[in-house]
Amino acid sequence: MNQKKVILTGDRPTGPLHLGHFVGSLSNRVKMQDEYKQYVLIADMQALTDHASQPELIRKSILEVAFDYLSVGIDPNKSTILLQSLIPQISELTMYFLNLVTWNRLKHNPTVKQEIMQKNFQENVPAGFMIYPVSQAADITIFKANAVPVGADQLPMIEQTNEIVRKFNRMYNKEILIEAEGIVPEISRLVGIDGNAKMGKSLNNAIYLSDDADILKKKVMSMYTDPNHLKVEDPGKVEGNPVFIYLDVFDPDKENVRKMKEHYSKGGLGDVVVKRRLLEVLNSFLDPIRKKRKEFEKDPQYVLDLIFKGSVEAQKVAINTLREVKNAMGMY
Ligand code: TRP
């Protein structure tokens, strides 16, 4: 038996990944993969719950997301990358779990509630979307994950997962499934370039890991700053200013950031100067990632094979857990 603790994370493939993903979870995944057995799930079934009309986009994005994983340093020798739809056992476990959750509880899941508002579903929320936390619980528990590195917005999902685990173990009187711990980095959410509290694809305010230098320049130069900082000599606000938030996260020269903040607050430091520094910082952060991505883009078949092999390996674990689950329920 492998004694290593297990982590599982995932992303919906609805486009390439952005800096928000990096800050919230990718960086932890890269760090933790040495110590843990890591499963990285490309959640295409979950992506359908809010993109049912765009399966082509999802299909295309599977590869984009995998390129991003590999480019930021998720190492296929240490981590298993898998595709949700290739593991039907997850869907089966979801069906069993659905009976352990009340409709009312699902309606009050804070993440789901917020997404429903954001996505403008209004009265037409797909049932599949309402229950995606349950399928996410199946993602996590079928691999017996001890930990899930995620951004803070995903914590309600883990809470819901653990409720299901406790309910299952209590109801069927067997400690088959285990509870998971959310691993949230200190800064787990990145503001968008427009100053919106969250960077997101649907919000159109994201910087992608795959953005080239030209696109990056346009985005950084158009970033929202302090709206009252009109003239260079005016004192500017540093708190909540996205440009400084990004510098705090990505600029390795902390002393310089401190000085720039001081100067900006006093007045006399223009937005353009700060943005140029940010551009430089982000380019040196993204350059190695872009380079690696170019290499993988040359060989998509290699990456597809990797996902396929990972899914086959993961399925073995899933089959095992599902057998235990059915045994516990007396359904085998
Ligand atoms: N809900 C996550 C997101 O929207 C994606 C996801 C699917 C996930 N399954 C998961 C995250 C399991 C962590 C663990 O980004």
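This is a predicted model: local features need pLDDT of at least 70, side-chain atom pairs count only at pLDDT 80 or more; totals for chains, interfaces and linings use all residues.
Residues are numbered from 1 along each chain as its sequence is written, and side-chain values use heavy atoms, with hydrogens and water left out.

**View 1. The largest pocket and its lining.** The largest pocket has a volume of about 1,100 Å³ (a pocket is an open set of points on a 1 Å grid over the protein atoms alone, where a 1.4 Å probe fits, with protein on both sides within 12 Å along at least five of seven lines; lining residues have an atom within 4 Å of a point). Of its 47 lining residues, Arg12, His21, Asp153, Gln154 and Lys198 are the closest to the centre. Helix 1 (19–32) and strand 1 (6–11) are among the elements that each supply at least two lining residues (helices, H or I with at least four residues, and strands, E with at least two, are DSSP runs numbered from the N terminus). Helix 1 contributes the most, with six residues.

**View 2. The packing of helix 3 against helix 13.** Helix 3 (residues 55–72) and helix 13 (residues 271–297) pack at an angle of about 130°, with axes 8 Å apart (axes are lines fitted to C-alpha atoms over the stretch in contact, and angles run from 0 to 180 degrees between N-to-C directions). Helix 3 is therefore oblique to helix 13 (angles under 35 degrees count as roughly parallel, over 145 as roughly antiparallel, 65 to 115 as roughly perpendicular and the rest as oblique). The contact (heavy atoms within 4.5 Å) includes Phe67 and Leu70 of helix 3 and Ile289 and Phe296 of helix 13.

**View 3. The pairing of helix 11 with helix 12.** The axes of helix 11 (residues 242–250) and helix 12 (residues 254–266) come within 9 Å and cross at roughly 165°. The two helices are therefore roughly antiparallel to each other. Phe244, Leu247, Asp248 and Val249 in helix 11 meet Lys254, Val257, Met260, Lys261 and Tyr264 in helix 12.

Note on methods
Grid points are joined across faces, edges and corners, and a volume is the space filled by probe spheres set on the points.
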